[in-house]
Amino acid sequence: MSQAIESSARAEIATLEALDSRLRWLSSWIVHNANHLRPKVDGLKVGGHQASCASMTTIMAALYFHALRPQDKVAVKPHAGPVLHAIHYLLGQQSRDALERFRGLGGAQSYPSRTKDAIPVDFSTGSVGLGVAATAFTSLVQDYLIAHGQLREEDAGRMIALMGDAELDEGNIYECLIEAYKHDVRNCWWVVDYNRQSLDYTTADRMFRRFDDIFETCGWRVLTLKYGKRQLAAFKRPGGRHLQEWIDNCPNADFAALTYQGGAAWRARLTADIGAKANVAKLLASFDDDALGRLMTNLGGHCLETLVEAFDACQDERPTLFIAYTVKGYGLPLAGHKDNHSGMMNPPQMAQFRSDMGIAEGQEWEPWAGLGDNIAAEAQALVQASALARREAEPAPSAVAVPDLTVPSGAELSTQAAFGRIMLDLAKSGEALADRIVTTAPDVTQTTNLGGFVNQRGLFRRSELTDVFHQARIPSAQKWSAHAAGQHIELGIAEHNFFSLLTALGLAAPHFGTRLIPVGTVYDPFIARGLDVLNYGCYQDARFLLVGTPSGLTLAAEGGAHQSINTPLIGMGQPGLTYFEPAFADELALIMQWAFGYLQGADGSSVYLRLTTRAIPQVERADDSWKADALAGGYWLRKPAADAEMAIIFSGAVAPEALSAWEQLADDMPGLGLLNVTSPDLLHREWSASRAARWGGRASPPCHAERLLADLPRGCGLVTVLDGSPGALSWLGGVRGMVVSPLGTDRFGQTGNLPDLYRTYRLDADAIIDAAAELILRD
């Protein structure tokens, strides 16, 4: 290396060190201001994580201002959110007002948020571990786009996760790691802030080298950054080998406690343990207490030279795990204390910290306070030359046209079978929409009727995979060729991975400028298995079509654990997800056509379809007048008379029972209404919004539920029924003050045939008739 290059490298390291100190100060001050200076109106602790930020500032300075490229994307450790805000503050992309309102209404969010923060955020984080997995699946999506000619290979970025070591306890990380290995994921970095402290305790010493083994087994390169350059230099001195051995064998709890106690405690312990060994006493004597404390905490994750070298050494596409040893609370009086996760500096400590940083009182928010003019100018120049400063805003690709969908024919059909036929028709079409659809399932592709689509469009693999059965001419309904042009990504049985992939696919438009239409199928009861990740995806405004099928008691032979009960309530309660439960094939085709457009709309969301394997007779339509109401949440299948005493309201698979009960009651109850609710979610959401508008003094037209029920007299009774929680429909009685007899499943099912189970769980026509009689006789 020439002297000029060495000089330039040293200058860059010095500038990065200045930026490291600025990030440590600003992240600490953001939290301090929110908790100690900003007036409190509720008396509650605002919170923040000064220690968790301090352990990350060096890593983030090296990454953001040296290693990062414009096309790279980063999921930031949730508790390091203030550091990310500080970075964008230095860039001029974050306002002081937002920082002063950190964790307040309209201010910078507690954890990085794509939808709530004003700064650009690549991945929302907060639920620990989920942002980590998101980077691996986004790498897979990037490979998909490259293989399909939607992204140039040279424009591929790295998907980088900055994680706390406690996140390595999250099981979804290892589920993701296995799936990533299956799909040969590349261009992915995971950087571990290995401070060996979590919220409650220090990390188990038994995990030393175990993480390396796990990741290396899955094909990852593992770089352990344990020592800083000052430590490495000390190890080369006489007595240094003994010092290194002591550090390597020091229990994590002891290391944390000694860090908190400082240089004198380090000296006493080292003298007691290894002071009698050759040259150790002389080595220790060459450092005063402060210098010894700095030496012992000069770990790889706090050494910019070590970090820069490590990042520079990994410029290929191989997935890499960086284990960067750090000190939680590094540079703060909280460093190493076991309670520092939620702890924060008190005002006197902050005043001393400000003085140590060379920041004058009143200059706390100045971006370059505490730095000399020369180094401040160099730091500012490095920031403005960084990848973030050169990154363009996220693209907003145009919508993909949605064609009319053909309604599957047949006198009797299940919604699941109809779904499969609609997807097959799309796969065979030459429509642009079909080319943008990406399907996935957690090992239930066949049993959720996606097989036809996959037969037509193939499995996605970067390297072609031979179908041995087809090659051997063994008959099979699965003709699943695996190649780079395939449009189905098959997953193992792990719903966390399923929802993580749907999230990554659903963010392809803002992440990569190419809109994909993800369609994922899963057994409806197992939506609950991946609920945390589903919530995570919706929170990021990822757009996908989720198909839960089969659902409810229609999974009769599978037993109670497979019979979903509460998924309608999940669909109604999950923000960013619109839930439908169609009964008939023409409803499904209509809703899917609408959904493919809604997924792409500025005000759209993901869509959840709850489908069934139960084949039911299809209804004949006189005209299309029902369609607008069906898309709004419900329509009268049998319109009531003005003096009706009763109405039956149903959703989904119980349509035959509702129709049978209506037919049996119609002669004795002229004008009986039969309402088909296609979306309890839309009806409830609009009703709630309507009520909120009125309470806020804003004029609001009647919501769709009010318009539908306005066809009934106020004293009318309602029988509601669905194969799911009765609460999904029973609320309709509150719209106009009507008495309700709710039917549904609110307890675990059991094995049996459907007629037996519907009778046992009061979902059959007789139960509906009994409920109607109960309402008639209520007075």
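Predicted model: local features only at pLDDT ≥ 70, side-chain atom pairs only at ≥ 80, totals over all residues.

Tutor: Let's start with the neighbours of Arg457: beyond four places in sequence, it is in contact with Leu426, Ala427, Ser429, Ala434, Asp435, His483, Ala485, Gly486 and Gln487. Two of those partners come back when you look at polar atoms. The Arg457 side chain reaches the backbone oxygen of Ala427 at 3.0 Å, and a polar atom of that side chain lies 3.2 Å from the backbone oxygen of Ser429. As for where Arg457 sits, it belongs to helix α21, which covers residues 451-457. Is Arg457 buried or exposed? It counts as buried, because its relative accessibility is 13% and the cut-off for buried is under 20%.

The largest pocket has a volume of about 950 Å³. It is lined by 41 residues, and the closest to its centre are Glu394, Pro395, Ala509, Pro510 and His511. Helix α24 supplies the largest share of that lining, five residues. Elements that each give at least two residues to it are α23 (495-506), α24 (508-512) and β11 (517-522). Sorted by class, the lining of the largest pocket holds 21 nonpolar, 10 polar and 10 charged residues.

The second largest pocket has about 710 Å³ of space. Its lining has 29 residues, with Arg230, Gly293, Arg294, Thr297 and Tyr330 nearest its centre. Here α1 gives the most, with five residues. Several helices each supply at least two lining residues, including α1 (3-37), α9 (229-235) and α14 (289-296). By class, you get 10 nonpolar, 11 polar and eight charged residues in the lining of the second largest pocket.

The largest nonpolar core has 114 residues, and Val141, Trp190, Leu243, Trp246, Leu546, Leu712 and Leu732 touch the most other members. Helix α6 (residues 130-147) gives the most to this core, with 11 residues.

Key. Residues numbered from 1 in each chain as written. Heavy atoms only, no water. Helix = DSSP H or I, 4+ residues; strand = E, 2+ residues; numbered from the N terminus. Buried < 20%, exposed > 50% of the residue type's maximum accessible area, 1.4 Å probe, protein only. Polar contact = N/O pair within 3.5 Å; in protein donor to acceptor, adjacent residues only side chain to side chain. Contact = heavy atoms within 4.5 Å. 1 Å grid on protein atoms, 1.4 Å probe; cavity = no way out; pocket = protein on both sides within 12 Å on 5 of 7 lines; lining within 4 Å. Points joined across faces, edges and corners; volume = space filled by probe spheres on them. Nonpolar A, V, L, I, M, F, W, Y, C, P; charged D, E, K, R; others polar. Core = buried A, V, L, I, M, F, W, Y, C linked by side-chain atoms within 4.5 Å.
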